[in-house]
Amino acid sequence: MNRPIRVLVAKPGLDGHDRGAKVIARALRDAGMEVIYTGLRQTPEQIVAAAVQEDVDVVAMSLLSGAHNHLFPKVVNLLKGEGVDDVLVLGGGVIPDDDIPFLLESGVEAIFTPGTPTKDVIDFINTNIKRK
Amino acid sequence: MDIQERLLKRDKRACARLISMLENNDEEAINIIKRLFNKTGSAYVIGITGPPGSGKSTLTDRLTKELRKEGKRVGILAIDPTSPFSGGAILGDRIRMSDLALDKDVFIRSMGTRGFLGGVSKATWGAVKILDMYGCDYIFIETVGVGQSEIDIVKMADTVLMVLIPNMGDDIQAIKAGIMEIADVFAINKSDLDGADKTKMEIEMNLDLNEKKEYRPPVVKVSAQKNEDIDILLRKLRDHEKYLKDTELIHQIRQRNLKTEILQLAEEEILRMIMDKAYENDLLEELSIKVEKREENPYTAKEKIVALIKD
Ligand SMILES: Nc1nc2c(ncn2[C@@H]2O[C@H](COP(=O)(O)OP(=O)(O)OP(=O)(O)O)[C@@H](O)[C@H]2O)c(=O)[nH]1
Ligand SMILES: [Mg+2]
């Protein structure tokens, strides 16, 4: 692909920690991607609006507050509602193993828990990107 | 419905996709611009520049909200630097514009410079046209945080807003050299901090030096964070717009900008032709080996490549 992959790195929910999000943003940049970082406490509606306007290939969300079972699927559904079907939705953060199957079923493409090497995330994006 | 129709029906996804296509040199996007170009020109373009961290994004957010009160449709192109090492970028201007994301009459797009110098990206020229066709009344272009004179924004915008802050120390000296000529309006942002009056005075003193001009750029103290005096700043921007339109100077400025744009496009095309020829059949490889052995010299090697594109 001779264009940079565009990734929206978003922090939904109310927790005020964006260290993880910033680490992943930098790693993706260093892998040649254009990362749009939207800051803390974004609502699913804001995330989807930004994803549309920025025409991203990937929406990567990071969440520590425990609201992932609600917020991640909501973003997936809002994207569908906008007719967006070529965006890869990824989730990260403190997510109990038990919740992962539900999230994958609801359309989140992959979940990365703390300690995942950033390389795995980069590889996943490069392999699974939906738009050429 | 094809993408062109969708753009004209103000479909955000179509607008977003067209900007991407343009960034990736897609022929179809260029054809759409060719077809619809005569419909452009009604959007008013304001370039926002100034040193890193001076508050350009926060101010863009505030000015946009002010324009929204009048029902104006606003497009924002926010440019951040692309890493020369990886080709990637972190585009963070949206952080300061979160509230605008859901406004159906605001369109925000972040762009990496992708190797282009001068505080903007090559695709910014085209993106402005797409936002114009999309129906924006005003378009803000936020440049990369730059301070020097090489600011291409002046070649894209109708009005240039320079954002400065108090207590810039010696930086202001360096900046002044390049900016006094390009700014149409000055904002001293972060005027909630000490020292804004001093910065304003310094700028005013510099402006006194070229008093001969008919239009004198106003210097407005604002606080984007505290949302203070944004209305005054907007009024000054629109005064400049009105001045350009009343005097018809707007046509001169736009024509000057278009000269740069046309040359820029020509330059790009010729560069691409040279690159194609240089790498075709390993020509550059071959020539450089000969030059290294002193069988050939760089000048005749260059002539051989250029000769190939001349016919
Ligand atoms: N005190 C004060 N801080 C401000 C004001 N406006 C912006 N800031 C802060 O200045 C910092 C930078 O603001 P931005 O709007 O991101 O500045 P910018 O010029 O867009 O920065 P770059 O795009 O990185 O060059 C942020 O922490 C803002 O909250 C202001 O009026 N007063
Ligand atoms: Mg900014």
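**A covered strand and a ligand shell**

In this predicted model, strand β6(B) pairs in the parallel sense with strand β7 of chain B, residues 185-188, over four bridges, and within this pairing B:Met162 stands opposite B:Phe186 of β7(B). Strand β1 of chain B, which spans residues 44-49, also pairs with β6(B) in the parallel sense, over four bridges, and here B:Thr49 is the residue that stands opposite B:Met162.

How many of the six residues of β6(B) are buried? Six of the six are, so that the strand, residues 159-164, is mostly covered, where buried means under 20% relative accessible area. In a regular strand the side chains alternate between the two faces of the sheet. In β6(B) both faces are covered, with B:Thr159, B:Leu161 and B:Val163 buried on one side, and B:Val160, B:Met162 and B:Leu164 buried on the other.

We turn now to the ligand. Ligand 1 is surrounded by 18 residues, of which the closest are B:Lys56, B:Ser57, B:Thr58, B:Arg96 and B:Asp192, and this shell divides into three nonpolar, nine polar and six charged residues. Helix α4 of chain B, residues 56-69, gives the most to the shell, with three residues.

Oxygen atoms of ligand 1 take part in several polar contacts: one lies 2.9 Å from an N or O atom in the side chain of B:Lys190, one lies 3.2 Å from a polar side-chain atom of B:Asn189, and one lies 3.2 Å from a polar backbone atom of B:Ser54. Of the 650 Å² of accessible area that ligand 1 has on its own, the protein covers 78%.

Conventions
Residues numbered from 1 in each chain as written. Chains lettered and ligands numbered in written order. Predicted model: local features only at pLDDT ≥ 70, side-chain atom pairs only at ≥ 80, totals over all residues. Heavy atoms only, no water. Near = heavy atom within 4 Å. Polar contact = N/O pair within 3.5 Å; in protein donor to acceptor, adjacent residues only side chain to side chain. Areas by Shrake-Rupley, 256 points an atom, 1.4 Å probe, with all protein chains shown as cover. Helix = DSSP H or I, 4+ residues; strand = E, 2+ residues; numbered from the N terminus. Nonpolar A, V, L, I, M, F, W, Y, C, P; charged D, E, K, R; others polar. Buried < 20%, exposed > 50% of the residue type's maximum accessible area, 1.4 Å probe, protein only. Pairing = 2+ DSSP bridges.
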